[in-house]
Amino acid sequence: MFRGHMITMFTILVLLVPIGVAEGQSPAHFSLAVAGQSLTAGFNNNVTITATYSYYSKTAYSSTSLYDIDLAVSIPSPLQMLGDNHWYYDRIRTGDSVAVSFEVYAPTAAIGSSYDGSVTLTYRELGEISYTEETHTISFSVHGWISLVLYSVQVTPASAPPGGNATVSGNLLNSGNIAAYNANVTVESEALAPGKPASLYLGEIDPNIPRPFSLMVYFKKNLTEGTYGVVVKV
């Protein structure tokens, strides 16, 4: 009679647990406040991020401090972050805040757009070997700017009789980086006759292109002889 051999097979599962690496996402321990999220194109803009250790647990094993904290900021292209983007702290207690400041340059091509960056905090709790990582999204918007400059303003003729008129002329320059719309030039003076037009519609003023203007103003008939100031507003 044939006697077979009984073979028993075992499957052994080996679970490898890495030590000292970041764990999965857990409830956020930090709350963030961001100042300077509205960026002006063509400038280095000051941005300040304040991170507060605001997490609180009622468990007996919860720590009141975090250790070996690394705060990293990531800014998306085409925005440019100037300087270092990493900060390190030995310890942060519950309720404490840390603030980091840096500059962000926004190119003119980014005007009218919004971008999302991120703040990543990596830390460990007391007695823990592994680190926890949490990431917060921060948003930025980019806008242009308008700077209207009046120059070479003159009144012709330099003197006029009561009830007479004169021409106010000059140039307007937009030294910003986006066009100005619905621009008006207005002349104001106590010497001007009420009810007479003293304003001129210029419309669109493109950047870095001088825009000349000229308008007629009328003086009161009952003016006494003297010198009167004229104010030109845009």
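Visitor: How much space lies in the largest pocket of this structure?
Guide: This is a predicted model, in which local features need pLDDT of at least 70 and side-chain atom pairs count only at pLDDT 80 or more, while totals for chains, interfaces and linings use all residues. Residues are numbered from 1 along each chain as its sequence is written, and side-chain values use heavy atoms, with hydrogens and water left out. A pocket is an open set of points on a 1 Å grid over the protein atoms alone, where a 1.4 Å probe fits and protein lies on both sides within 12 Å along at least five of seven lines; points are joined across faces, edges and corners, and the volume is the space filled by probe spheres set on them. For the largest pocket, the volume is about 370 Å³.

Visitor: Which residues lie nearest the centre of the largest pocket?
Guide: Lining residues have an atom within 4 Å of a point, and the largest pocket has 18 of them. Those nearest its centre are Ala158, Ser159, Ala160, Gly226 and Tyr228.

Visitor: How many strands does the protein chain have?
Guide: Helices (H or I, at least four residues) and strands (E, at least two) are DSSP runs, numbered from the N terminus. The protein chain has 0 helices, and its strands number 15.

Visitor: Which residue stands opposite Leu71 in strand 8?
Guide: In strand 8, the residue opposite Leu71 is Leu121.

Visitor: Why does Arg93 count as partly exposed?
Guide: Arg93 belongs to strand 6 and touches Tyr53, Thr64 and Ser65 (heavy atoms within 4.5 Å), not counting residues up to four places away in sequence. The class lies between buried and exposed, the latter being over 50%. Arg93 is partly exposed because its relative accessible area is 45%.

Methods:
Pairing = 2+ DSSP bridges. Buried < 20%, exposed > 50% of the residue type's maximum accessible area, 1.4 Å probe, protein only.
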